[in-house]
Amino acid sequence: MKSAGALVKHAEGLLVISLLVIVGCTAPTKQPTNVGPYCNISWDKTNNPKVTWYQLTLIDQSKQAKIVRFIPAETTTVSCRDVGANHEGVWEVTVQSCYDKSTCGLPTEAARMHITNK
């Protein structure tokens, strides 16, 4: 399976946090990056034609809640709000490539973001 990368972008296009996965190794992101309430989550599209879904896992650190969303393989950018990151706080995001909704590869290293009202 091809390595995936997760990116969180501010609505105005400013690159705020970048997590690249290269052959399963990443540089850990310790401090969350501040993003506004209208952020987007993006990742690299896999070139594996068997991948039909991406599984996004969002962890709300303030509520210790976990949100899992399956995104069709044609999509590589989603709104933070649309996938459940809809309030202020620290969030972690991982992406996995999936053949179906029960068979997925390893997740990327978690990208941390702090959603603010500004």
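The exercises below work through a predicted model, each with a stepwise solution.

**Exercise 1. Met113**

Decide whether Met113 is buried or exposed, and state how far apart Met113 and Asn34 are in sequence and in space.

Solution. 
- Step 1. Locate the residue: Met113 is in strand S10.
- Step 2. Its relative accessible area is 0%. Buried means under 20%, so Met113 is buried.
- Step 3. In sequence, Met113 and Asn34 are 79 residues apart. In space, their C-alpha atoms are 5.9 Å apart.

**Exercise 2. The disulfides**

Solution. 
- Step 1. Cys39 and Cys80 form a disulfide, with sulfur atoms 2.0 Å apart.
- Step 2. Cys39 is in the loop between strand S3 (33-35) and S4, while Cys80 is in the loop between strand S7 (77-79) and S8. The two are 41 residues apart, and the pair links distant parts of the chain.
- Step 3. Check burial. Cys39 has a relative accessible area of 1%, so this residue is buried. Cys80 is at 0% and is buried.
- Step 4. Cys98 and Cys104 form a disulfide, with sulfur atoms 2.0 Å apart.
- Step 5. Cys98 is buried at 0% relative accessible area. Cys104 has 28%, so this residue is partly exposed.
- Step 6. Number the bonded cysteines in sequence order. The pairing reads 1-2, 3-4.

**Exercise 3. The aromatic pairs**

State how many aromatic pairs the whole structure holds, and explain why the pair of Trp53 and Phe70 is edge-to-face.

Solution. 
- Step 1. A search of the whole structure finds two aromatic pairs.
- Step 2. One is Trp43 with Tyr54, edge-to-face, at 5.4 Å centre to centre and 70° between the planes.
- Step 3. Trp43 lies in strand S4 and Tyr54 in strand S5, so the pair ties together parts eleven residues apart in sequence. Both Trp43 and Tyr54 are buried.
- Step 4. The ring centres of Trp53 and Phe70 are 6.4 Å apart, with planes at 85°. Planes over 60 degrees apart count as edge-to-face, so this pair is edge-to-face.
- Step 5. Trp53 is in strand S5 and Phe70 in strand S6, 17 residues apart.
- Step 6. Trp53 is partly exposed at 24% relative accessibility. Phe70 is partly exposed at 26%.
- Step 7. Look at the face of Trp53. Lys101 lies over this face, 4.3 Å from the ring centre.

**Exercise 4. Thr46**

Name the residue whose backbone nitrogen lies 3.2 Å from a polar atom of the Thr46 side chain.

Solution. 
- Step 1. Thr46 is in the loop between S4 and S5.
- Step 2. Thr46 is buried, at 11% relative accessibility.
- Step 3. The backbone nitrogen belongs to Asn48.

Conventions
Residues numbered from 1 in each chain as written. Predicted model: local features only at pLDDT ≥ 70, side-chain atom pairs only at ≥ 80, totals over all residues. Heavy atoms only, no water. Disulfide = S-S within 2.5 Å. Helix = DSSP H or I, 4+ residues; strand = E, 2+ residues; numbered from the N terminus. Buried < 20%, exposed > 50% of the residue type's maximum accessible area, 1.4 Å probe, protein only. Polar contact = N/O pair within 3.5 Å; in protein donor to acceptor, adjacent residues only side chain to side chain. Phe/Tyr/Trp six-rings, centres within 6.5 Å; stacked < 30°, edge-to-face > 60°. Lys NZ or Arg CZ within 6 Å of the ring centre and 35° of its normal.
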